[in-house]
Amino acid sequence: MSARTITAATANATIASIRARSLALTRRPAHWTRCATLFTCRSPLEPPTGKLYEGHIPISPLQRSILAVGSAFTALANPLRGDMVAALGETTGGMFLARIRDQMLLDPEGRRILRERPKITSESMQLDALRQLPDGTFGREYVRFLDDQQVSPDTREPVHFVDSEELAYVMQRYRETHDFYHTLTGLPVTVDGEIALKWFEMLQTGLPMTMLSSFFGPLRLTSEERSRLHEYYIPWALEYGSSSKLLMNVRWEEWMDRPVEEVQRELGVQPCPQV
Amino acid sequence: MTAGTLSHLAAAVRTKASTASAARAAFRASSPFISAQRATSTVRFSSSSQSGSAGNDASNSLNGTPEQYDVVIVGGGIAGSALACALASGRASGTQKIALIEAFDLSGHMQWSPKPDQYSNRVSSLTPRSVLFLKQIGVWSELDLSRVAPCEGMQVWDGVSGARITFDGADAKKDSTRSSFLRQVFSGASSTPASSAEFFDDQQQQPDFSKEQESSPLAYMTENLHVQYGLQKQILAHKARGIQLDIFERTKVQDISSNTSSGQESDASVDISDWPVIQLDNGRKLQTRLLVGADGVNSPVRTFAKIESLGWDYSQFGLVATLQIDPSTSTAPDQGKGIAWQRFLPTGPIAMLPLNNGFASLVWSTTPKIAQDLKKLPAKEFCALVNAAFNASPAELEYLCKNIGPDGQPLVDFQSEIEWRASVQDAEKGGINRGREDYKAPKVVDVQENTRAPFPLRMRNSNSYVEDRVVLVGDAAHTVHPLAGQGLNQGLADVECLARVIEQGLLSGSDIGNIHSLTPYSSERFFPNLAMLGTVDKLSKLYNTDFGPVVWARSLGLTAVDNMGPIKTEIMRFAMGLEEPTSSRRV
Ligand SMILES: Cc1cc2nc3c(=O)[nH]c(=O)nc-3n(C[C@H](O)[C@H](O)[C@H](O)COP(=O)(O)OP(=O)(O)OC[C@H]3O[C@@H](n4cnc5c(N)ncnc54)[C@H](O)[C@@H]3O)c2cc1C
């Protein structure tokens with residue numbers, strides 16, 4: 001079931017019941033409505049926008065809350081539900097996405113990314129060409145990672161619920177560049193590796209979805225993984241997450257032929273200690 | 001009145017030992033009732049006098065012995081000059097011997113001959129209350145009203161969240177008959193704004209602002225130079241009709257002391273040993289019954305009186321400039337005529353105040369560095385940046401401000417960067433279903449040459465406004481952030497009050513330099529000024545952040561107030577000077 005149908009179903013059911021209840025209130029006095037407008041500029045039952053971009057699903061504030069709570073529970077129960085993790089990030093991230101966008105606006109590279117809106121697909125990245133690069137270059141290690149994991153840049157969930165065309169792009173970019181982070185940090189795609197990366201991202205971006213995962217994720221670890229996380233990964237994330245350059249301002253596409261160490265040096269990130 | 005005193009006075013008149021007391025004598029003679037009252041205080045003073053001598057005229061003209069005055073005003077800014085005018089136009093205070101001392105030029109203001117297509121960069125919003133006072137002292141009628149721009153409405157919004165509040169002068173009038181909420185809260189009384197007209201000879205037209213129906217400006221945008229021009233003309237007129245008003249311009253106060261070694265005696269009846277002595281840089285000395293500090297934020301008079309002044313410097317400068325705008329680009333009704341625009345940015349508020357003929361006055365409060373950079377930026381980029389400051393996101397502005405080179409040269413293409421962000425913003429706005437579209441400020445097309453100037457912004461409050469023989473008015477007493485355009489208005493309200501208190505003091509025969517005669521002034525002005533300072537300071541702090549929860553809360557509050565008609569009306573009337581929490585007027 002896609003995120004879209006889930007939302008529509010849950011939200012519509014709830015909305016129906018709320019409408020039924022609010023019928024009783026339709027005869028409220030005029031000043032009541034006036035008071036209400038003080039605090040909510042628009043109805044919580046109507047989407048604040050029309051369709052803004054390809055794939056955009058405009059949802060009302062109420063649907064948004066339901067989706068956020070629903071996806072949080074689903075994602076916690078089953079972290080493999082990528083669509084739910086994605087929906088959680090989108091529904092809760094508005095303010096934080098705007099913050100990241102502002103950080104990008106302050107940086108010449110970030111501005112260039114926002115202006116040109118590059119997309120990362122297997123086509124745009126020319127994966128075959130990257131496979132020809134010498135070992136140790138960023139591009140070569142990046143495809144090696146993709147091949148090992150048997151993933152492709154095209155398998156990312158598109159953005160649906162962000163009510164701003166530009167912020168939807170920021171979210172999209174954030175998702176599309178995630179794989180580069182693994183290459184940069186050397187963190188494995190294990191549960192504790194992902195959690196370490198979430199800590200790193202949290203310090204970089206302040207996205208609430210990454211916070212949730214970094215706090216609640218460890219509940220599902222073995223004691224061995226947990227001690228690795230606490231002794232090595234988190235201290236590493238704390239050190240480099242805040243001191244390194246904001247990775248959202250990196251035009252990764254242009255760094256493919258450079259040695260990984262050089263990229264790490266330039267961005268101020270030391271690879272995570274491997275145990 | 002004792003025969004002895006009378007004869008002394010007569011002697012004084014003959015010898016002109018003290019023109020001040022001569023004038024007082026003349027005044028007393030014209031009003032027997034007052035002279036009787038006056039006598040008691042004269043006697044009280046003569047009891048402490050040491051020896052009666054009426055012969056210090058000679059020593060006066062020699063050296064060392066100070067000339068005597070009833071009132072010496074230090075500082076010929078608008079507050080000081082307005083006080084001189086107000087005193088000169090009072091029935092009793094007009095008989096006093098008054099001196100006005102100003103470090104810079106004053107008579108030069110008389111030659112002020114502005115061109116219709118040029119405006120000075122220092123413009124103040126005068127509230128209806130200030131205008132009423134200027135009318136009462138005969139200054140308003142000296143002004144060229146085609147250069148005074150009524151401000152009919154205000155658009156104030158939060159640059160981070162976009163929350164907006166709009167004020168419309170007409171709304172403030174609608175409810176003027178209703179008893180005021182603020183007044184009830186602050187003072188529990190319902191009185192009309194005090195009119196001091198009764199104290200003044202120049203009873204010109206006395207417009208009752210609360211009765212004017214059609215036009216009801218919130219404020220009147222007036223060049224400070226223009227007000228000064230009116231003041232100096234009026235001062236000259238008072239001098240011409242024989243008021244003893246001595247102007248010491250291009251003269252600095254060098255020193256003020258409380259005691260002189262010799263010549264404490266004036267016309268024998270009054271002990272003047274506690275009268276302050278003012279040493280001027282032209283070698284002259286003045287001694288005065290009452291010393292008024294209208295000498296601005298760093299007031300030497302305040303220092304002399306050892307009055308402590310607390311406060312802080314905002315690490316902000318206010319950059320002023322005269323702008324040329326294209327009114328047709330505003331989406332507000334009537335091309336935004338008469339609308340003042342103010343947007344709060346995390347670095348400080350930016351305000352565009354309406355002038356006539358397609359001009360506007362800018363006050364942009366920002367960091368000292370940005371203010372300096374803005375001053376050096378080429379005109380084209382400067383205008384683009386001002387437009388962006390009213391429209392673009394704070395992050396965008398920060399980026400542009402960071403890209404001003406050391407010599408003021410733009411390091412990126414401002415035009416193209418701003419256009420790109422505007423197009424993104426427009427695209428986003430297109431999709432949003434908003435109830436009403438916010439009005440847009442007019443586009444700035446040019447900046448008048450040599451009008452960009454930064455001023456440091458401060459907040460100061462004197463612990464008291466009066467000491468024995470010393471009183472403070474205007475910026476000397478209190479300095480406020482310009483975001484609400486109240487500094488000068490507060491100063492004029494001080495002056496109106498002080499002139500009234502002095503007049504009343506004279507009429508009741510008290511020594512106007514005595515701290516007890518001055519207390520009504522301080523108790524009437526201290527609290528309202530402090531309330532204004534506090535409010536403006538809180539506002540400035542509240543808006544000087546982009547911290548999420550604070551932005552959220554302040555936006556909620558602003559939207560709420562914008563929807564609450566009555567409270568909004570109160571705020572407007574408060575800011576227009578139509579309401580003021582007072583303590584003394586209750587009686
Ligand atoms: C950017 C900016 C915008 C503003 N906008 C507004 C507005 O819109 N509305 C509003 O109401 N207010 C506004 N204000 C505030 C207003 O300008 C001041 O409150 C007002 O000018 C103070 O007048 P004043 O006469 O008390 O003091 P000042 O104008 O400072 O006058 C003091 C005078 O004393 C003289 N002096 C000082 N020391 C000596 C000495 N030793 N000997 C002789 N003379 C001396 C000085 O030369 C000076 O002329 C603004 C202020 C700023 C900085």
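Residues are numbered from 1 along each chain as its sequence is written, and chains are lettered from A, with ligands numbered from 1, in the order in which they are written. Because the model is predicted, local features need pLDDT of at least 70 and side-chain atom pairs count only at pLDDT 80 or more, while totals for chains, interfaces and linings use all residues; side-chain values use heavy atoms, leaving out hydrogens and water.

**Confidence**

The model scores ipTM 0.75 and pTM 0.81. Where pLDDT is low, the predicted coordinates should not be read in detail.

**The annotated site in chain A**

An unreviewed UniProt entry carries the annotation "binding site" for His178(A), Asp179(A), His182(A) and Glu194(A). These residues span 17 residues in sequence, yet no two of their C-alpha atoms are more than 11.0 Å apart, so they gather at one spot. Such annotations may be inferred rather than shown by experiment, and their positions are given in the numbering used here.

Asp179(A) lies in helix H11 (residues 178-185) of chain A, where helices are DSSP runs of H or I with at least four residues and strands are runs of E with at least two, numbered from the N terminus. His182(A) lies in helix H11 as well. Leaving aside neighbours within four places in sequence, Asp179(A) is in contact with Tyr142(A), Phe145(A), Leu146(A) and Arg156(A); the side chains of Asp179(A) and Arg156(A) are joined by a polar contact of 2.8 Å. A polar contact is a pair of N or O atoms within 3.5 Å; within protein, one must be able to donate a hydrogen and the other to accept it, and residues adjacent in sequence count only if both atoms are side-chain atoms. With the same exclusion, the contacts of His182(A) include Phe145(A) and the annotated Glu194(A).

**Accessibility and positive phi**

Buried means under 20% relative accessible area, exposed over 50%, and partly exposed in between (1.4 Å probe, protein chains only).

| Residue | Relative accessible area | Class |
|---|---|---|
| Asp179(A) | 6% | buried |
| His182(A) | 3% | buried |
| Gln126(A) | 52% | exposed |
| Arg469(B) | 3% | buried |

Most residues other than glycine have a negative phi. Gln126(A), in the loop between helix H7 (122-125) and helix H8 (127-131) of chain A, has a positive phi near 50°. Arg469(B), in the loop between strand S18 (466-467) and strand S19 (470-472) of chain B, has a positive phi of about 75°.

Technical notes
Contact = heavy atoms within 4.5 Å.
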